[in-house]
Protein chains: 2
Amino acid sequence: MLTDVAAASVAAPFDELGEPSPPVPRAWQAVLEHVETQLVEGTLAPGDRLPGERALSAELGVGRSSVREALRVLEVLGLIRTHAGSGPNAGAIIISTPGGGMSALMRLQVAARGFPVADIVRTRLILESSVAADLADAVDTARAEHVDAPDLTAAERLLDAMDSPELSPPEFLALDAAFHLALAEASGNQVITATMAGLRSGIEGYALAGLATISDWAATSTRLRREHRGIVDAIRAADAAAARTRIHDHISGYYAETFIDPAH
Amino acid sequence: MLTDVAAASVAAPFDELGEPSPPVPRAWQAVLEHVETQLVEGTLAPGDRLPGERALSAELGVGRSSVREALRVLEVLGLIRTHAGSGPNAGAIIISTPGGGMSALMRLQVAARGFPVADIVRTRLILESSVAADLADAVDTARAEHVDAPDLTAAERLLDAMDSPELSPPEFLALDAAFHLALAEASGNQVITATMAGLRSGIEGYALAGLATISDWAATSTRLRREHRGIVDAIRAADAAAARTRIHDHISGYYAETFIDPAH
DNA sequence: TCTGGTAGTGTGGTCAGACCACATCGGGAC
DNA sequence: GTCCCGATGTGGTCTGACCACACTACCAGA
């Protein structure tokens, strides 16, 4: 169950049952498995330090280069952070920043034409619509049951920043991305937050390229600002249906204005 | 824009503008960037072969081990496949199997407690509900406009296989996972397909563990079979609302029966 | 005693070079 | 013509060697 880190054909239900011949285990996979096992067992937890590369290499009976290949994978996947030197900050430390790994994965898959841009946009529509509706629902239950409402201050601070008139279009777009991410964070779903960070990363190049096709940036940015406020207003008003519709139209509107047709 | 493969703080909108000091570029990142650039430019496309490790190392002026670390990352991310030996099949070849990378990412993030299981389940609910509704809508428009309807034969073949009475619970669960994946594939959205493969992978251990808490497996498996057929029926009937509701209840029902409370 | 610099130590980052197993291809031997 | 076997080049792995870095501990001087 822990062995299919790299291989794992997507649609092969019975691959795991009955292996006719171990297809040559690779040394770096053993390291990955070892770390994953310790993670699952709880021997390793966020904040802990991994043994040094040389120690790990001796412990598992593999070369240091193999250990390093595994650590590199863990680093890109957002599971560890490495620092040279000495002291409490040095070494490989277990962290959890899934956004980075998601971003790398999506960006490269888009580059390799594995992920069509339209699919990314469609997925964004689904996830962000749900996020907006969930937030509105949460506001609703917060009122009814007197519990804490989701925290939208980060998102609204970003909207305030976007009101600045001297923002360049790319700066505006960066804040726009951060706003959408802030909504996901407010929903409290780590998986969606990381996924949305990745999705955004995957189409960042296209979003920037799309800027060139916009004839009247002042009008467009004004509209985007208004739409953003409208989304937050709907959430604050606990109007899930409106929140869902508005964010859906907001996203598909931008891509329709540039050049992508999500065909939804 | 291509430099933040590994770092990439999720919520730092202005990190890209104005770098006070390049935080020591790492050799393997240069390799990753090189490949990504060629991918974006189209110099490299799926099916192409990368230069050999030694050639790449010489070309970029880095050591072979650094090249290998980058290739390892690309392999885990599902971008290349490597074969030793000689001939047209050997070397590193650009492919695109995002499912494997997603699975590794999600599984490890769950293990490292970065992704709560409840968040994974919630995300599954969102994505699969949308997939089912989309499929039903597609069936509807296929009828109206006389175009091809989504292909559900793969999913139904899996359902037939699940009718076999001598399946062990883990085998049943494997087919169940494949069925849900087949629905995503039928929807044609690569991003959702890969993401769902990853989500499923992340909670596979928990799903298997949940089997132990089920008192009457015969009754449960019968119910699951009936629910699966009901989902497909709703899709075939072009009833998007029913499809959405049924798959939602199907998923949340299983986790409620075991031990996870998605609290949705 | 306090202060400041400095050598020591262990970390990751990188490189070079050496094997190995493997798959293919090409040139003989038959 | 057929078959076999070495030459060749690939990824996979290991070893050993540096380097830069950051912290630690120590020691000399005030």
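In this model, the surface near DNA strand D draws at least two residues from each of helix 1 (27-41) and helix 3 of chain A, and from each of helix 2 (53-60), helix 3 and strand 2 (91-94) of chain B. Helices (H or I, at least four residues) and strands (E, at least two) are DSSP runs, numbered from the N terminus. The model is predicted, with local features needing pLDDT of at least 70 and side-chain atom pairs counting only at pLDDT 80 or more, while totals for chains, interfaces and linings use all residues. Residues are numbered from 1 along each chain as its sequence is written, and chains are lettered from A and ligands numbered from 1 in the order in which they are written.

Helix 3 of chain A contributes the most to the surface near DNA strand D, namely 3 residues. By class, 7 are nonpolar, 13 polar and 5 charged. Here Ala, Val, Leu, Ile, Met, Phe, Trp, Tyr, Cys and Pro count as nonpolar, Asp, Glu, Lys and Arg as charged, and the others, Gly among them, as polar.

Turning to DNA strand C, 24 residues lie around it, and A:Gly52, B:Gly63, B:Gly85, B:Ser86 and B:Gly87 come nearest. This surface has 7 nonpolar, 13 polar and 4 charged residues.

The two protein chains also meet: 63 residues of chain B are in contact (C-beta atoms, placed from the backbone, within 7 Å) with 63 residues of chain A. Helix 4 of chain B gives the largest share of its side, 11 residues.

How values were computed
Near = placed C-beta within 6 Å.
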